[in-house]
Structure formats: structure tokens, C-alpha cells
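I opened my notebook to go through this one piece by piece. Here is what I looked up, in the order I got to it.

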There are 2 protein chains.
Amino acid sequence: MGISDRKKRILAALVDEYIKTAEPVGSKAIAQLADLGCSSATIRNELAELTAMGLLEQPHTSAGRIPTPAGYRMYVNELMEKQKLSLEETEEINRRLNDKMIQLDSMMSDVGKIASQLTDYPALALAAYAPAVIKRFDLIYIDANTFIIVVMLSNNTVKNKLVHLPVSVDQGMINKLAMLFNANFTGISSDRITPILISSTERAADDTMGLTSVIASFVIETLSSQNEVHAFVTGENRLLSQPEYRDPDKAHRLMNYLSEGAHVLGGTTDEMFDEGSEVKVLIGPENVAEELKDSSVVIASYDMGDNTKGLIGVVGPTRMDYSAVAAKLSFLAAGLSRRLGGGEAPPSGMHNKLIIKGDDIIDEH
Amino acid sequence: MGISDRKKRILAALVDEYIKTAEPVGSKAIAQLADLGCSSATIRNELAELTAMGLLEQPHTSAGRIPTPAGYRMYVNELMEKQKLSLEETEEINRRLNDKMIQLDSMMSDVGKIASQLTDYPALALAAYAPAVIKRFDLIYIDANTFIIVVMLSNNTVKNKLVHLPVSVDQGMINKLAMLFNANFTGISSDRITPILISSTERAADDTMGLTSVIASFVIETLSSQNEVHAFVTGENRLLSQPEYRDPDKAHRLMNYLSEGAHVLGGTTDEMFDEGSEVKVLIGPENVAEELKDSSVVIASYDMGDNTKGLIGVVGPTRMDYSAVAAKLSFLAAGLSRRLGGGEAPPSGMHNKLIIKGDDIIDEH
DNA sequence: GCTGGCACTCTCTCTATCCGAGTGCTAATA
DNA sequence: TATTAGCACTCGGATAGAGAGAGTGCCAGC
């Protein structure tokens, strides 16, 4: 596996240049770019060897070289300079995060939007929530036909629902139900909410109007929607500005695939979540999904608190500016982790302000 | 403006055919399609006149005719057969509506998704909420550092927020604040929530910890987000399957424009909302937005209840199947109005079930 | 081991040519 | 007068060939 230092520099220069221009790079160009005091003929010899090693390929005999997926892989692993973001860029990202992070419900798509704008590639955001249980119930009596269910989950999300009834109930019944639900439905996972539990609660509450099952089904719905993997894809249209997707059919295929959203990462999702905060790069055929075989994906994960991991990724041609994208995603993910994760006062449902551990309330906007 | 019956039949046949094939239509083809017992030569004469009238044009001398925007306009206004949806199609739409309509918060984008899938064009969904005021406050005391704000709006939306405090409060304070907010902040619009009102409430509550302003700013935020026009665009990628957007640049321009979302309809939004439940068609240059000048938009509006109007539209090439799209959108809008509108028990925030007036609780899922 | 030189290859672009679809016009017909 | 058949004409699109240019591989010399 030993590969001479000069070969490395040539490969690096070639990949850099190809990323910039999207055109096959010739020996002459490399000789000028990477000034490693030798002529284009020497570089030609090296290029021939790199090609034999499977790191480069030629679109046709008389064209320059382009990197193969293996070439990109080596570039990403060893050659690429870890790009530092400029102060402006970091400030830009922080500013956007502060602007946007007010509401968790729209956060996912907002984060995707930020990533997409930042990198000018389509972005995908997903989150796998840790299994949650109900922490407490409140039922707010509005009038004889109306009440509000408010549930607080173990991850400090709060959900509510307004219920209208075709029949009348009194405040006492509502209170009784709240008590019973707090006693029987808190701290249990949704699969332990059985018809038996529901009907026993119903009897205990003297509920002849089916209120119990209304509330119970809201609980089940809430818990299960909480446990789903939520995925958002943003900025698919940015693909079209990349020369490799000038072919409308090719672009269309990939965009269709992306717009499905959920299964973007195929089987790899789980292991993605497991890994540390490192940025991951999947190059061309390294992707499991057939549709991504000639595209690349860069993924960063972040800690959303409450044992919940978020994933933020970017999709582009294999000729992607890995260095810049990785730096940006990494910074973005770190910013998200900092804001969301690790506090005992994490953000929660609908309209909760973000609180950072130890800080005061952040009153954004 | 009189235009002979035969001309009409020729124009209709031509537009129908062009919609189907996307290729200029010649006299011969029309002679075969619309069997109005006359030869292609006669039709050529008629075509020449229709062209002179500005209803048709020729891409070049020796090609067939294609409709001008004026031609489409006449087609849409007078010639097009009002398409009836098949039973399968109506059932399909109803099924999707029933599946999807569980949560209002995701409804907007879901409706867009349905419209886009149904028509195979990009769809946009927007809603202009009627100005809302707070109807009632509840503060739920969790522990010394935590409470939940629950507000119910005049349009029966319920919003909540979990607040963590860096200081301790007791239940009494929370109750006092709830009372004061119910007394002072209900029934008023957000512009009447002045610093003066806030500070007087603060004094009345003996609040030295800034709780009042936290709650007040949540109120303001809730009201103003409620009054925004929310817009969703879905299925931009479907553009790419249309031959008129095979040019990546053209497609890119329009998709970029669409992805901005909000200002899709430009100045026309207001009047759109005003109109009845009719389906509206904007053909090419009839659109105000420069980016839509050679595309068409079909829009249907529906009643979301609570004086709120929803708009659902579809964007495509001027060569759009107006008849089919209009029929589908119209049916979809009617279904939405039926489900959402006109009840005194309309759907509300986050997780409220949909209730149809007079019906029992619909327990979807 | 490096370099300059050179023949070779292959793609891309430009131009010329041909083909065919569809037109507009004219003259004949009902 | 309205319709039709016939025909010359036009113009875009497809096809083929020539030329240019970029880049290679190889070889001989340093």
C-alpha cells in the first residue's frame, strides 16, 4: 500500500483541480499547479502508475485523468487538507442557528435548509428519537363538550390536543380521568398500552362515553410518532447546478430518490447513528442505495439530547468539495450538539424555547 | 370575437393533441383526429386564420402549430371539456385525505404532496390564517423550575411551551400569573400587547423574575406565527419529467423560484383568496412573476374554517392538462373544505383530531 | 530517473448536405 | 363561395466528414 510522496501530491493536486473545474486534468496542468519541480512527462509516468493502481481513470484515451472512487477515498482519508472555516463562515452558521432554533418542530427542516444553503448541495436531515414514555398528563376542562389533553414526555416534549365531544362531561370526570391516566399510563411504553389496560381504566373512571379510549389513542399516536425516524430533504434543486447532473434523466432519477426522503441512507442508518461525532463520507459505490452509486454523501451526526441522535447529510456528485463540506457539516453538527444536547434542560415540543445547560433562558429573535 | 364553430373544434383538437404529445400539430393530424368531414387543405386555411388571430403560432415555417397563451385561454374558457373524475380517482383522493388529515400542522405539506402526486406536477399549498387572538391561558406547574404554558386561540388552535427557569417559583405565583394573563391578554391582537401592558402585569403579579415577559413573548410569537402566510412547495422534481423543462437551466430557474416558496403567487395572492371556490387558471404571461411567464398555474381555494382560507395550486408547462388538473384540484379543494371548514368544531393545533360538524369523533389512523 | 520531442488517438466543433414534414398558394371542382 | 388536390417551397434536424486541439505513450538523450 505504500505510495510515494510525490504520487500523493500529484493525486491531491489532481483531485483538487478536478473538484474545481469538473474537467479531466492533464499532466501539464498538474505540473503547473503542484510545483514539485518536475516536468509534465514525469507526471505522465506517475499518472500512468496511479491509473494502474486504480486510483485514476481516463474518460477516453486522449483526455486527462479523473479520480476513481478509490482515488477519492484515498484523497479523503489521507490527502485532503482539513479545511478551516473562515471567521465569517462560522459566524454565518452561528447566526443562522440562533435565528432558526426557536422551534424544535421546524428545526429538522430548518437544519437541512441551513446545510443545503451552506454547501449548495441538497441536504437531508434525520432524527431518530429515543423511545419515550409519558411523564405526566394534564386535562384542561374548557366547557361541557371540550377539553384539552396535554402530555409531557420523558424527553420533555410537550404535546397537546383539543378534543370536542358529542356528549357532555363535567369537570369532575375530567379530573378523575387525569388522575387515572397519571396513575396508569405514565412511564410505560406504547406496547404496554393494551386494550385490557384501557378498559380497566375505563371502568375505574366510570366512563361510559369512550373518553378513555380517545385519550389513550392520542397517547399511542403521540408515542409512536415520537419513535419514528423523521427525515427531511431540502434543496434538491441545487443538484441542477452541478454539471454532472445536466442530464435531466440522471438528475430526475436522483431527485426522485431523494424526494422519497425517509430511506435515503438505506441500511446504513443504524451504524451511522452509532458512530461518534466524526464526519462520514460515502463515496459513489460505497453507498448502498443503487441511486447513489455515482454520487457521494457526507454525513455528520449530532446529539439532540434525550438520547436522541440527529443526522445531517449532504448529497452531491462524487466530485464534491469534501473538505469544505465536511468542515461545514462538522461545525454545524457541533453547534447543534452544543445547543441541543447534553443539558438536563433540553428543548421540547412545539413551542419551547431552547435552553442551554447552565445558561439563562435564551430569548432569541 | 365571433369564431366559427369549426375553428373552435379545430382549436380544441389541436390543443388536446398538443397537450398529449408536446409536438407541434399539423393540418393532417387534425383532419384525422377531429373528424369534421373536411380535408387537410381546408384545415390549413382555418389554421392560417387562427394563427392570424393570435391563437396559434408556428415554431418555424415548416412545423405544425402550437397554441399561444391566448389560444390556451380560449381553450380553458370555452372549449375544454370539464373532465369528470373516475370513481377510482375520487376514491383515491378521499382515501388519501382520510389517511393524512390527522394533524393540522403537517396538513399543509401533506395536501401539497397529495396534489403533486395526483397531478404529477409540482404543487404549492398555502394558507392565510385569519387574525387570531388568545382565548384562554393555562399554566401547568411542573416543578420549582419548570412550567408549561398552554394557550388556546380564538381559532381553536392550541399551542404549548415548556419553560425552564434559572430561578424557583411556587405554584401560587404560577396561578397568579395565569389569572392575570387570562384577564389582560385574552381577546386582544398582538399589536395591543405593549411594553406598558407587560410591565403593568408584571407589577400586578409581583413578578421580579421576568416570567411575565417570557410568557408575553411566547404569546406574541404564537400570534404572529399564526398570522403569517405559510407556504409549502412539493414535488419540484416532477418538473423534470416534462419535456419543456429538459433544459437544465430552465428547470433550475423555475425550481429555484419555486423553492423560495412563499412569494410564489406574487401580488395575486390576495385576490386569489377572495374569490369563490372556482378553480383559477393562470396561463403563461398571465402570471405576475417573471419566472412563471412561460409556465401555467392552476389554483383552487378551500375553506379551512375559522375564517381561514387555504390555497392549493399546481405549476406546470403551459401545455398542461388543464382539464384533468382542474378537476382534480377542484375535487381535492372541495374535500378539504368539507373536512375542515364550516364546523363550529374545527381542527386545531398540534395534535387535535379532526372533527366534522355533527359527526362523532373521527378516529383515524 | 528525469526530460524534451514526437507520433498517435480520440473527442469536440464546425460545416455541408440531405431528408422530410408541413406549409402556402393556385387551379380545379361541387 | 367553400372545398379540395396538387405542388413548389421552406426550414429544422439528422448525418457525415474535415479540422483542430488536448493529452497521451513512448523513446532517445541527458
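**Two helices meeting.** I began with helix 1 of chain A, where A:Lys8, A:Leu11, A:Ala12 and A:Val15 meet A:Gly71, A:Tyr72, A:Met74, A:Tyr75 and A:Leu79 of helix 4 of chain A. Contact here has a cut-off: the two C-beta atoms, placed from the backbone, lie within 7 Å. Helices (H or I, at least four residues) and strands (E, at least two) are DSSP runs, numbered from the N terminus. By class, this helix contact has seven nonpolar, one polar and one charged residues. I noted the classes: Ala, Val, Leu, Ile, Met, Phe, Trp, Tyr, Cys and Pro are nonpolar, Asp, Glu, Lys and Arg are charged, and the others, Gly among them, are polar.

**Angle.** Helix 1 (residues 5-21) and helix 4 (residues 69-79) of chain A pack at about 110°, with axes 10 Å apart. Axes are lines fitted to C-alpha atoms, for helices over the stretch in contact, and angles run from 0 to 180 degrees between N-to-C directions. That makes helix 1 of chain A roughly perpendicular to helix 4 of chain A (the word covers 65 to 115 degrees).

**Ground rules.** I reminded myself that this is a predicted model, where local features need pLDDT of at least 70, side-chain atom pairs count only at pLDDT 80 or more, and totals for chains, interfaces and linings use all residues. Residues are numbered from 1 along each chain as its sequence is written, while chains are lettered from A and ligands numbered from 1 in the order in which they are written.

**Chain A overall.** I found twelve helices and ten strands in chain A. Buried residues make up 45% of its 365 residues (buried: 20 or more other C-beta atoms, placed from the backbone, within 10 Å of its own).

**DNA.** Which residues come nearest to DNA strand C? Of the 19 around it, they are A:Cys38, A:Thr42, A:Thr61, A:Ser62 and B:Gly26. Near means that the C-beta atom, placed from the backbone, lies within 6 Å of the strand. Helix 3 of chain B gives the most to this surface, four residues. The surface near DNA strand D divides into six nonpolar, ten polar and three charged residues.

Notes: Angles under 35 degrees count as roughly parallel, over 145 as roughly antiparallel, 65 to 115 as roughly perpendicular and the rest as oblique. A residue is buried if 20 or more other C-beta atoms lie within 10 Å of its own, exposed if 12 or fewer, and partly exposed in between; C-beta atoms are placed from the backbone.
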